[in-house]
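Welcome! Let's take a short walk through this protein together, one spot at a time.

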Amino acid sequence: MDVEERTGKADPQDELAARLRLLQELSGLGVRALARDTGLSSSSLSRYLNGQTVPSWPAVVALCRLVKRDPRPLRPLWERISNPLPAPPKSSRQVRPMPRNDLPREVPDFTGREERLAAVFAAIDSHRAVSVDGMAGVGKTCLAVHAAHRLAAEFPDAQLYVDLHGFTEGRPPLDPDSALRTLLGALDVPSEKVPQEGVEQLAACWRSELARRRVVVVLDNAADADQVRPLLPGAGPSVALITSRNRLLGLDEVPPVSLDVLSPQESAELLARASGDPGGPDGRLARDPESVAEVLRLCGHLPLALRLAAARLRHRPGWTVGVLVERMAQGSSEFDAAFSAALAMSVRQLNRSQAHLFRMLGLLPGASFDEYVVAALADVPLRSAQAMLEDLLDAHLVQQPTVGRYRLHDLVHQHARRAAAEQDSATERERGLGRVLDYYVHAAAAADAAMPFLSAGRAASAGRPPAELPRFTDKNAAFAWLVAEYGNLMAAFETAAAVGADMHLCELPRFLRAYFARRCGTTHLNFLFERSLAAAERLGDPLQLAEAHSDLGFARYNAGRMAEAAAAYEAAGLRLSRTGDARAEAELALRRGYLSWDAGHVEEPLELFRLAGKLYEQADCPTGAAHATAAEAWTMLQLGHREEAAQRAREVLGIPHTDPAWPPALTARITLGVAIAHDEPDEAAEHLHQALALAREDGHLNNQAWCLNCLGVALRQMGRYEEALASHREAFALLDELFEEHWKIHFLNGYGETCRLAGLPEEALRLHRQALELAPRLGNRHAEALAHEGIATVLDETDPVAAAEHRAAGQAVLQELDPGAH
């Protein structure tokens, strides 16, 4: 059948449209694909194919060329339509009404959203409906209208739009009855066919009308699933795009597409297009990229906020972007009012308890939060907090970046905080914030208790314990919690400082020592403990003040600030003598033992470690006693008492414990491995390799470096020099990563001795001299004496005079430290 047989002798414009539709059939493409391949807009192509508009001749040529057909036979027909003869006065042909198109104007600056747009079209293809949800101002309507315009060519019978007013200031949501009558009227359904009453009857009529048409309908601003369900198409090709600030969980048959804020690149592009910036080096945005970045940050990458900011630039050509930043940072009433008005309707849908929780969330310090702190903030059971968070999540007032973690968009956070200040009393806000600070201290204490390395070992006393805390099954779970909450813990510390919560300031850093030990954050820990000490001085409690001095001393010690550590310990000792707290005295004795050993003393460290063990036993603290015994064994090893060191180390390893990497056991394994390396090399290697494996599993870099260096010493004693050197080198590579040079003082001399015996005297000299330079600066006289002896041993054969000088200097240091030393 040829074209004329299929089209008949119809109106010339209808005939041309029919021939164009035949070309579409030959192409095998849908309207959107055909428009794309020919370079035409899909809406224009749709009108050409339906005979609504006469195409330009280049458009006809493009269609013909796509299917490899000669366009010349169509030229006479096209010219006849383009230059018609005068119409007769009266026409017997009935004029076909134009299809209804109620779609709002598409924004000219629509930007990005390729992935979400593809998801919308995929949902339309598979289910003939899609629900676009997201927070206020995120661009839901913009996306739905843009998609509907793109779909118009495939649904030529009508393009309908109805605002359901689910979140419109000053008016209730549109009821389904009114919405259905509006939609049926838009389809020109005769009034006699429209049921007089009953939503079910109206919905049936609506579905019947859609079943025989190709219609795209946008149902914008829906309040909930019940409002939308009667408006959905039934059988047939028509499609619906729904937008809502809520997740429409009741519409199981409609795929959801959730909309988030724009990416930084999309935000910058939208700001440029919406502001009318010409681009290039002469544009306002190009001249001040830092201010542009600040505008994007202040807008939170939210399309509504970006368009408001862009409009101010567009209408104020004399402004620079820097001026815009200043006005936004000052809190422009116009800017804030526009966003607050958009958000207020989302908040008004909440019940009283949900709305109160939303406002209180604005008080939370930090960037994200979990359900436990929310339960503490609202003073409700955990299950209630979880349920309310889910409601806020469905309303897009709260975001969930990962499972179990929640956050507020920056602009939403500001709105919630302002609303709390306006609607909740100062007392109520103070109590909520106080419960949050209590929670973080007690949760950190629970995490610390699950991480026995340097554990504070004391329950939190600040504030009131929350009803429910996270349960840490092991130290890894506790550490993971500390990693996730670190930013919030620091924000809680700063908040405690701002509100004068001195007890929280005293205790919170104490429960973070195990975390900082793994993360090697000695500088920051010193800063925290300095402020804790100031808080303890304000409190005036003798025990708190003594522990604050002791904690600061230990932070100073770990940072290599030995003189300051000694002064802090001295201050702690003076105050502890008046408290009678055996546990605090034991902890201080243990710490002073570490410092005394690094200072080069011999007998004093042993006495302090033994004293610490007795005091820990008096305080009924077996873990502390095991720490003291392990430290005693390590010290004996350094003094050359290998058998006694091995015996004490085995005592520690004989203490039953569920954690293979229990810190006292780790120290004992390292000590035993080095102590028996010469006589029992196989067992020694097994202990040291196991210690290294446990340190790696534990993620503690300092412990890994310690294990590797001690393994190097043991391998050297076994005569396995190449393996020993490799172990030392790996250890020092780790220490270089830590950027804490003072840690190297514990290992430089041992590494140098390995190099000497391995036939690398120059490398040995370099390492001993590095130790000699570093030791006095750190106050480590023992390392200084060892460095002199190491240099002397290397120089014995090549420069005996210099060797004698260094050996004498080393002996002088030892004599100075302990007159009985040889």
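## A buried threonine

T629 counts as buried, at 16% relative accessibility; buried means under 20% relative accessible area, exposed over 50%, and partly exposed in between (1.4 Å probe, protein chains only). This is a predicted model, where local features need pLDDT of at least 70 and side-chain atom pairs count only at pLDDT 80 or more, while totals for chains, interfaces and linings use all residues. Residues are numbered from 1 along each chain as its sequence is written, and side-chain values use heavy atoms, with hydrogens and water left out.

You will find T629 in helix α31, residues 622-638. Helices here are DSSP runs (H or I, at least four residues), as are strands (E, at least two), numbered from the N terminus. Apart from neighbours within four places in sequence, T629 is in contact with R648, E651 and V652, contact meaning heavy atoms within 4.5 Å.

## Helix α3 and its cover

Now look at helix α3 (residues 31-38), where V31, A33, L34, A35 and T38 are the buried residues. Their cover includes α2 (12-27), α4 (42-49) and α5 (57-66). After α3 comes G39, with a positive phi near 80°.

## Two positive phi angles

Which phi does R128 have, although it is not a glycine? Its phi is positive, about 60°. R128 sits in the loop between α7 (114-127) and β2 (129-133), and is partly exposed with a relative accessible area of 27%.

D188 is not a glycine either, and has a positive phi of about 60°. The loop between α9 (176-186) and α10 (199-211) holds D188, which is exposed at 62% relative accessible area.
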